[in-house]
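Here is my note on this model, in short numbered points. Please keep the structure open while you read.

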Amino acid sequence: MSEQIREMRAYTLEDAIVRGETRIEAIQIRKPNSGELRGFTLNDVANGRFDTMIKLLPRITMPPITENEAAELSLADMAELINIVTDFLLTKDRMAELRPI
């Protein structure tokens, strides 16, 4: 079975995540597949519920962030990450309709 290449989006954090002596200043967010959404309702993901995103982000970020780190993200960073994740739910045609060239 071949591995499917999924869309990734880069995001530079407004407020870095500090993990010991390491500072995570940017993360990659991978378009989730159906399995990574297991345990969530599509409605909760689409509406950007914070508790849903706190559990989902560790599954789809590189480097992976923990649930605690997701819970401690600044409001600005969480809002942008929610926008990225919810954009992944749109088809390419729908995205083009919403963001014309």
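1. Start with E7. Setting aside neighbours within four places in sequence, E7 contacts I29, R30, K31 and F88. Contact means heavy atoms within 4.5 Å. E7 sits in the segment before β1. E7 and K31 are 24 residues apart in sequence, yet their C-alpha atoms are 5.4 Å apart in space. E7 is partly exposed, because its relative accessible area is 41%. The cut-offs are these: buried is under 20% relative accessible area, exposed is over 50%, and partly exposed is in between (1.4 Å probe, protein chains only).

2. A word on the basis. This is a predicted model, in which local features need pLDDT of at least 70 and side-chain atom pairs count only at pLDDT 80 or more, while totals for chains, interfaces and linings use all residues. Residues are numbered from 1 along each chain as its sequence is written, and side-chain values use heavy atoms, with hydrogens and water left out.

3. Now the strands. Helices (H or I, at least four residues) and strands (E, at least two) are DSSP runs, numbered from the N terminus. Strand β1 (residues 8-19) and strand β2 (residues 22-30) run antiparallel, joined by eight bridges. Two strands pair if DSSP finds at least two bridges between them. T12 has A26 in β2 as its bridge partner. β1 and β2 form a hairpin, with two residues between them. In the turn, G20 has a positive phi of about 65 degrees.

4. β2 also meets strand β3 (residues 61-62). Two bridges join β2 to β3, and the two run antiparallel. Here Q28 stands opposite M62 in β3.

5. Next, P63. This residue lies in the loop between β3 and α3 (67-71). Leaving aside neighbours within four places in sequence, P63 contacts I24, A26 and I27. P63 counts as partly exposed, because its relative accessibility is 31%. P63 and K31 are 32 residues apart along the chain, and their C-alpha atoms are separated by 14 Å.

6. Last, a helix pair. How do α2 and α4 cross? The axes of α2 (residues 50-60) and α4 (residues 75-88) come within 11 Å and cross at roughly 70 degrees. Therefore α2 is roughly perpendicular to α4 (65 to 115 degrees). Axes are lines fitted to C-alpha atoms, for helices over the stretch in contact, and angles run from 0 to 180 degrees between N-to-C directions.

7. Check the residues at this contact. From α2, F50, M53, I54, L56, L57 and I60 meet L75, M78, L81, I82 and V85 in α4.

Note on methods
Parallel < 35°, antiparallel > 145°, perpendicular 65-115°, else oblique.
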